[in-house]
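Subject: Structure handover

Hello,

Here is the structure I promised to pass on. Please open it alongside this note. My findings follow below it.

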Amino acid sequence: MRELSPESQKDSFLKRPLSSWLRLDGWMLVAIVIVAAAVVTRLWDLGSRSYNHDEAIHAWESWKLYTGQGYVHSPIYHGPFLYHVTALIYFLFGHSDYTGRLSPAIFSIATVIIVFFLRRWLGRRGTLVAAALVVISPALLYYGRFIRHDVYSVFFTLLM
């Protein structure tokens with residue numbers, strides 16, 4: 001095993017103080033607060049509301065896939081991504097009303113985070129305003145906590 005010289009040990013990532021790579025300025029602090037607000041608003045109390053008709057169908061089809069009963073695509077319903085990602089969440093965390101809505105909530109949080117990658121075009125202030133608007137938007141909040149294709153469409157559109 002190669003031993004590190006004293007000079008390279010000084011340059012080692014593990015030897016550096018946190019302040020050397022963590023640049024916490026006002027902009028970053030506001031961005032962290034915005035992401036924290038997205039996490040709280042998307043994950044809080046997901047399982048208390050009963051499923052509506054669409055959600056029940058999507059949760060049921062995902063549960064059938066999770067339990068090994070298979071998946072057959074029907075053009076009446078949404079594409080397979082919705083069912084496969086929800087079945088994966090069931091596999092990882094068990095099945096409940098909360099976990100049925102967990103994948104849309106995760107993708108909704110990720111949508112807020114993706115807005116920060118648009119900083120080059122939106123500017124520093126514009127990025128914070130856009131991310132904050134995504135967090136407080138009633139429509140994006142509703143569909144970010146709802147088992148339907150909408151949140152995935154928004155996420156992948158922004159990703160492109």
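Is Arg101 buried or exposed? Arg101 is buried, with a relative accessible area of 0%. Buried means under 20% relative accessible area, exposed means over 50%, and partly exposed is in between (1.4 Å probe, protein chains only).

Some ground rules. This is a predicted model, in which local features need pLDDT of at least 70 and side-chain atom pairs count only at pLDDT 80 or more, while totals for chains, interfaces and linings use all residues. Residues are numbered from 1 along each chain as its sequence is written, and side-chain values use heavy atoms, with hydrogens and water left out.

Salt bridges

The structure holds six salt bridges. The rule is a side-chain nitrogen of Lys or Arg within 4 Å of a carboxyl oxygen of Asp or Glu. Arg101 forms one of them with Glu55, at 2.9 Å from N to O. Arg101 sits in the loop between helix H5 (97–100) and helix H6 (102–115), and Glu55 sits in helix H3, so this pair ties together parts that are 46 residues apart in sequence. Helices here are DSSP runs (H or I, at least four residues), and strands are runs too (E, at least two), numbered from the N terminus.

Glu55 is also buried, at 0% relative accessible area. Glu55 has a further salt bridge, to Arg49, with the closest N and O atoms 3.8 Å apart. Arg49 is partly exposed, at 32%. Shared partners join Arg49, Glu55 and Arg101 into one network.

Another salt bridge joins the side chains of Glu61 and Lys64, at 3.5 Å from N to O. The two are three residues apart in helix H3, so about one helical turn separates them. Glu61 is buried, with a relative accessible area of 15%.

Aromatic pairs

How many aromatic pairs are there? The count comes to 14. Rings of Phe, Tyr and Trp (its six-membered ring) pair if their centres lie within 6.5 Å; planes under 30 degrees apart count as stacked, over 60 as edge-to-face and the rest as tilted.

Tyr66 and Tyr90 make an edge-to-face pair, 6.0 Å centre to centre with 70° between the planes. This pair links distant parts of the chain: Tyr66 is in helix H3 (residues 53–66), Tyr90 is in helix H4 (residues 80–93), and they are 24 residues apart. Tyr66 is partly exposed, at 31%. Tyr90 is buried, at 3%.

Tyr71 and Tyr83 form a tilted pair, because their ring centres are 5.2 Å apart and their planes are at 35°. Tyr71 is in the loop between H3 and H4 and Tyr83 is in helix H4, so the pair ties together parts 12 residues apart in sequence. Tyr71 is partly exposed, at 21%. Tyr83 is buried, at 1%.

Ring pairs also link Phe81, Phe107, Tyr152, Phe155 and Phe156 into a cluster.

Helix H9

Helix H9 covers residues 150–159. Which of its residues are buried? They are Asp150, Val151, Tyr152 and Phe155. Their cover includes H4, H6 and helix H8 (138–143).

Thr127

Thr127 is found in helix H7 (residues 119–136). Thr127 is buried, with a relative accessible area of 0%. A polar atom of the Thr127 side chain lies 2.6 Å from the backbone oxygen of Gly123. Leaving aside neighbours within four places in sequence, Thr127 is in contact (heavy atoms within 4.5 Å) with Trp27, Val115, Phe116, Leu118, Arg119 and Leu122.

Surface patch

Leu22, Leu24, Met28, Leu29, Ile32 and Val33 make a nonpolar surface patch of about 550 Å². Patches are made of residues with over 30% relative accessible area and no salt bridge; like charges are joined within 9 Å, and nonpolar side chains (Val, Leu, Ile, Met, Phe, Trp, Tyr) within 5 Å. Accessible areas come from the Shrake-Rupley method with a 1.4 Å probe, and for residues only the protein chains shown count as cover. Leu29 is found in helix H2 (residues 26–43). Leu29 is partly exposed, at 48% relative accessible area.

A backbone detail

Asp45 has a phi near 55°, a positive value in a residue other than glycine. Asp45 is in the loop between H2 and H3. Asp45 counts as partly exposed, at 37% relative accessibility.

Best wishes

Notes
Polar contact = N/O pair within 3.5 Å; in protein donor to acceptor, adjacent residues only side chain to side chain.
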